[in-house]
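Trainee: I would like to go through the labels attached to this model and see what each one rests on.
Mentor: Then ask about them in turn.

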Amino acid sequence: MAEMGSKGVTAGKIASNVQKKLTRAQEKVLQKLGKADETKDEQFEQCVQNFNKQLTEGTRLQKDLRTYLASVKAMHEASKKLNECLQEVYEPDWPGRDEASKIAENNDLLWMDYHQKLVDQALLTMDTYLGQFPDIKSRIAKRGRKLVDYDSARHHYESLQTAKKKDEAKIAKAEEELIKAQKVFEEMNVDLQEELPSLWNSRVGFYVNTFQSIAGLEENFHKEMSKLNQNLNDVLVSLEKQHGSNTFTVKAQPRKKTKLFSRLRRKKNSDSAPAKGNKSPSPPPDGSPAATPEIRVNHEPEPAGAATPGAALPKSPSQSSLPAVVVETFSATVNGTVESGSGAGRLDLPPGFMFKVQAQHDYTATDTDELQLKAGDVVLVIPFQNPEEQDEGWLMGVKESDWNQHKELEKCRGVFPENFTERVQ
């Protein structure tokens, strides 16, 4: 019997809830159609808007704070791995080994302390702050339902009073239901009217406290980390002083291809070598065409019928001392115009000039076609005549000081490692 009674109560409660939902739905439809007035409270609606805005901002802050903590954790792991690497490469006979080990240990502890304090003073506070929103959000929704019940009871009571045939018993019962609905609604409404503005105003203090905590923790962390980094730097300075003769130096990329000038010399020798079975020809007399590399100069087209100029330009010592293929660009003044590559019309720059670089380290040339560089030297970069001759990581150029003095590419140009320089123009 008790079980049946329990089931009866449950069934009755379900039926009551279903009836309430149906009544509320009907009331909302009538209100939307304008057939029933709706109780409005603009001040409360503004409080609800503020509440939703505050919840959105707090949720985003919580998400970003968790992301920040994950980043701190990742940096901690990366720093730990880096220090472990240092410990592995730090040889036993090097000075400061124990100090470096202690610094690494303190570094690890500092990261752990920073992360934990962020959790305690920022994240947990954030979680507590947001923990109050779900309950209030639920009560706001419940208040809305009770307001519909109140409006529905009020409309039912008013309709019975204005009916042509009045039923006093029904009117009395409707009035009783109205008073009950009004009481339930007003109790919830009063509580929320007090809580929502207070919650909204609390956001200022919460944001101040949260970001002050984060900023203070981060400031102290970096101060302590700076001290550890300075200590590690001092240890490494002492190591450098003891092994100063073995200081690491910047090295150029290896040149995989045959050196440019060596290849050109071989080409010249192969071109002049006699065929098998033939006698070696006598060297041509000085001044003969075979003894002088041919230098071609582009001239402006001559008018029809004009005689073709055939006078050869005089050779400079640099031109006569190198093979013809080395002379990749020749500038000549024709009718007052300089004919050259991209440097046309620029007497202060070499033909084909592309950009300037400045040497950041000394470089000692290892072949005749390489430039000798000192830190601070400015080099004017020019293109290779044949791109296939360029090795990866190497550029062709002429030192600015040499160019200003000689204005002769054949005498001053050479290749150099790009990683020893930095582009300046």
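Trainee: What makes H2 roughly antiparallel to H3?
Mentor: In this predicted model, the axes of helix H2 (residues 42–89) and helix H3 (residues 97–131) come within 10 Å and cross at roughly 170°. Angles over 145 degrees count as roughly antiparallel, so H2 is roughly antiparallel to H3.

Trainee: How do the residues of the contact of H2 with H3 divide?
Mentor: There are 19 nonpolar, 11 polar and six charged residues in that contact.

Trainee: Why does serine 79 count as buried?
Mentor: Buried means under 20% relative accessible area. Serine 79 has 14% relative accessibility, so the label buried applies. Serine 79 belongs to helix H2 and touches Asn107 and Trp111, leaving aside residues up to four places away in sequence.

Trainee: Why is lysine 407 called partly exposed?
Mentor: The relative accessible area of lysine 407 is 37%. Buried would need under 20% and exposed over 50%, so lysine 407 is partly exposed. Lysine 407 sits in the loop between helix H8 (400–406) and helix H9 (409–412).

Trainee: What is the phi of lysine 407?
Mentor: Phi is near 55° there, a positive value in a residue other than glycine. Most residues other than glycine have a negative phi.

Trainee: How many aromatic pairs does the structure hold?
Mentor: The structure holds 10 aromatic pairs. One of them, tyrosine 363 with phenylalanine 420, is edge-to-face.

Trainee: Why is the pair of tyrosine 363 and phenylalanine 420 called edge-to-face?
Mentor: The ring centres are 5.3 Å apart, and a pair requires centres within 6.5 Å.

Trainee: Which parts does the pair tie together?
Mentor: Tyrosine 363 is in the loop between strand E3 (355–359) and strand E4 (378–382), and phenylalanine 420 in the loop between strand E6 (414–417) and strand E7 (421–423), so the pair ties together parts 57 residues apart in sequence. Both tyrosine 363 and phenylalanine 420 are buried.

Trainee: Which residues form an aromatic cluster?
Mentor: Phe51, Tyr129, Phe133, Phe206 and Tyr207 form one aromatic cluster.

Trainee: Where does arginine 203 lie?
Mentor: Arginine 203 lies over the face of tryptophan 200, at 3.7 Å from the ring centre. Arginine 423 lies over the face of phenylalanine 355, at 4.0 Å from the ring centre. The distance limit for such a placement is within 6 Å.

Note on methods:
Residues are numbered from 1 along each chain as its sequence is written. This is a predicted model: local features need pLDDT of at least 70, side-chain atom pairs count only at pLDDT 80 or more; totals for chains, interfaces and linings use all residues. Side-chain values use heavy atoms; hydrogens and water are left out. Axes are lines fitted to C-alpha atoms, for helices over the stretch in contact, and angles run from 0 to 180 degrees between N-to-C directions. Helices (H or I, at least four residues) and strands (E, at least two) are DSSP runs, numbered from the N terminus. Angles under 35 degrees count as roughly parallel, over 145 as roughly antiparallel, 65 to 115 as roughly perpendicular and the rest as oblique. Ala, Val, Leu, Ile, Met, Phe, Trp, Tyr, Cys and Pro count as nonpolar, Asp, Glu, Lys and Arg as charged, and the others, Gly among them, as polar. Buried means under 20% relative accessible area, exposed over 50%, partly exposed in between (1.4 Å probe, protein chains only). Contact means heavy atoms within 4.5 Å. Rings of Phe, Tyr and Trp (its six-membered ring) pair if their centres lie within 6.5 Å; planes under 30 degrees apart count as stacked, over 60 as edge-to-face and the rest as tilted. A charge sits over a ring if NZ of Lys or CZ of Arg is within 6 Å of the ring centre and within 35 degrees of the ring normal.
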